[in-house]
Amino acid sequence: MSKLSTAEEVNTSILHVLKTTSPPKTYGKEARSFFMLDEEYTNLNHGSFGSVPLAVHEAGEILSRYIERNPDRYIRQEYNAQIDAARAVVADHIGVDRDTCVFVPGVSAGIATVLRNFKWTSQDIIVSTDTIYDTILSIIEEICAGENRPRHSTFALNLPLSHSSILDQFRLHLRLLNTQIHATAGTSAAARGATTAPAGKIVVVIESITSSPGILMPWKDMVQICRAEEAWSVVDAAHSLGQELNTDLKALDPDFWVSNGAKWGYAKRGCAILYVPFRNQDMITSGVLPGLKYASSGLSPTRFVQEFYWTGLIDPVPPISIVFAIKFRQQIGGEVMIQKYCHELALQGGRRMAEIMNTTLLDCRENPGELIANMVNVELPLSSTTRKSFKEIYFLFSEQLLETYKIYATYFLWKDKWWTRVSAQIYNDIEDFEKLANAFLEICGKITESN
């Protein structure tokens, strides 16, 4: 690779790498050449860690080599401008103003930033579902621990439910909490001899697509319900960017929204986006790590934006790689084509797996497919009465899938049954789903026989 000494040369070289990518005639096995996956390995777990396309990786390498020629020059003179340009691209992608978007290392860091900047009292309530991701649950539990702290209310998802049923139950849940909060405020006022007392607040962490099981939630309507019930909406959209179409956040208007660019969006790991509308930016006084306030040329950024420019010795490339990823996705067909293929494959593949294993698909009976985006949940043929422990089964699946069968999809124990969550990506086809089903069938058979 020739030495690139100017930013203009770097940009030209990156554009050349991305523009030489041509869309495949069909997705599936032909699209595997876009990625760096081992030829012997079948990846059906894109939803956990993503997979960086070769062109995006090479674009990142070009930028990395340029940065390392003179790190001080880049970080002190060029980095902020590139971050601003990347924020502008992402903002256009999700329909908002550039200065409402900042980069964070991951969704958990973004959610932690938001929740830890609220001024909490014992009158407040944090709401989450019973499918909340472990790291987010840990953040909530930490905030709620101790005296004069908020309490945690769990909204149970009795899946499979239709979106309309989820919304009805969610609205009822918030109304009951509001009744409790106002009753508590009245009691507190009476105890002090006052006529009124400030009521607590309700802050709801809403998953756009839950993790395990991987369920598409009616989160856009849940945001509207939060507004109607005077509750704050904090959207954990870890799986949305690259898996959902028509995410116009200005129209949807959540109070906070965080998504990962590295799961479904094809960016490098370490790229996530925190959206905070202007009305709420004064609340955010610090990130999880306080940002360094380097002086910058040109127009001074807002205090909120400056808080997230530079938080220490991080790799500058991952957040900027979202620009490369979005251009790459446009080159290979665009969002609509990518989503159509992955969604249809998830539906078809999930049903085929359930047929092979003689089990069930986690889906809505009233409106089939409503709960499924590009991840599908299939029950595994393993009895809950097996004598092996959770830990034994968990690591047996991992070893057998990765080492023996050279294939992987994540798996989990839910409602006393083992399930697999299978991700459909453009490099997969129906044969991959069949291969996974047969692998699980054999592994579950071995576990049963060893009882």
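Is strand S11 mostly covered or mostly uncovered? S11 is mostly covered, with four of its five residues buried. The close-ups below come from a predicted model, in which local features need pLDDT of at least 70, side-chain atom pairs count only at pLDDT 80 or more, and totals for chains, interfaces and linings use all residues. Residues are numbered from 1 along each chain as its sequence is written, and side-chain values use heavy atoms, with hydrogens and water left out.

**View 1. The hairpin of S11 and S12.** S11 and strand S12 (residues 417-423) pair in the antiparallel sense over five bridges. Two strands pair if DSSP finds at least two bridges between them. Helices (H or I, at least four residues) and strands (E, at least two) are DSSP runs, numbered from the N terminus. Leu413 has Trp418 of S12 as its bridge partner. Two residues lie between the strands of this hairpin, and Lys415 takes a positive phi near 55 degrees.

**View 2. An aromatic cluster that includes Tyr411.** The cluster is formed by Phe390, Tyr394, Phe395, Phe397, Tyr408, Tyr411, Trp418 and Phe440. Rings of Phe, Tyr and Trp (its six-membered ring) pair if their centres lie within 6.5 Å; planes under 30 degrees apart count as stacked, over 60 as edge-to-face and the rest as tilted. Phe397 is buried at 0% relative accessibility, and Tyr411 is buried at 3%. Here buried means under 20% relative accessible area, exposed over 50%, and partly exposed in between (1.4 Å probe, protein chains only). The ring centres of Phe397 and Tyr411 are 5.0 Å apart and their planes are at 55 degrees, so the pair is tilted. This pair links distant parts of the chain: Phe397 is in helix H13 (residues 390-404) and Tyr411 is in strand S11 (residues 410-414), 14 residues apart.

**View 3. The pair of Phe118 and Trp232.** The whole structure holds 22 aromatic pairs. In this one, the ring centres are 5.2 Å apart and the planes stand at 85 degrees, so the pair is edge-to-face. Phe118 lies in the loop between helix H5 (107-116) and strand S3 (125-129), and Trp232 in strand S6 (residues 232-237), so the pair ties together parts that are 114 residues apart in sequence. Phe118 is buried, at 6% relative accessible area. Trp232 is partly exposed, at 24%.

**View 4. The largest pocket.** Its volume is about 850 Å³. On a 1 Å grid over the protein atoms alone, a cavity is a set of points where a 1.4 Å probe fits but cannot get out, and a pocket is an open set with protein on both sides within 12 Å along at least five of seven lines; lining residues have an atom within 4 Å of a point. Grid points are joined across faces, edges and corners, and a volume is the space filled by probe spheres set on the points. Of the 36 lining residues, Ser48, Tyr133, Ser211, Ser212 and Arg421 are the closest to the pocket centre. S11 gives the largest share of the lining, five residues. By class, the lining has 16 nonpolar, 14 polar and six charged residues. Ala, Val, Leu, Ile, Met, Phe, Trp, Tyr, Cys and Pro count as nonpolar, Asp, Glu, Lys and Arg as charged, and the others, Gly among them, as polar. Ser212 is also joined to Pro213 by a cis peptide bond, with omega about 0 degrees.

**View 5. The second largest cavity and Arg329.** About 40 Å³ of space lies in this cavity. His93, Leu241, Gly242, Gly265, Ile322, Ile326, Arg329 and Glu335 line the space. Helix H11 (residues 317-331) gives the most to this lining, with three residues. The lining divides into three nonpolar, three polar and two charged residues. Arg329 also lies over the face of Tyr266, at 4.6 Å from the ring centre. A charge sits over a ring if NZ of Lys or CZ of Arg is within 6 Å of the ring centre and within 35 degrees of the ring normal.

**View 6. Strand S2 (residues 101-104), covered on both faces.** Cys101 and Phe103 are buried on one side, and Val102 and Val104 on the other. S2 and strand S8 (residues 272-275) pair in the antiparallel sense over four bridges. Cys101 stands opposite Tyr275 in S8.
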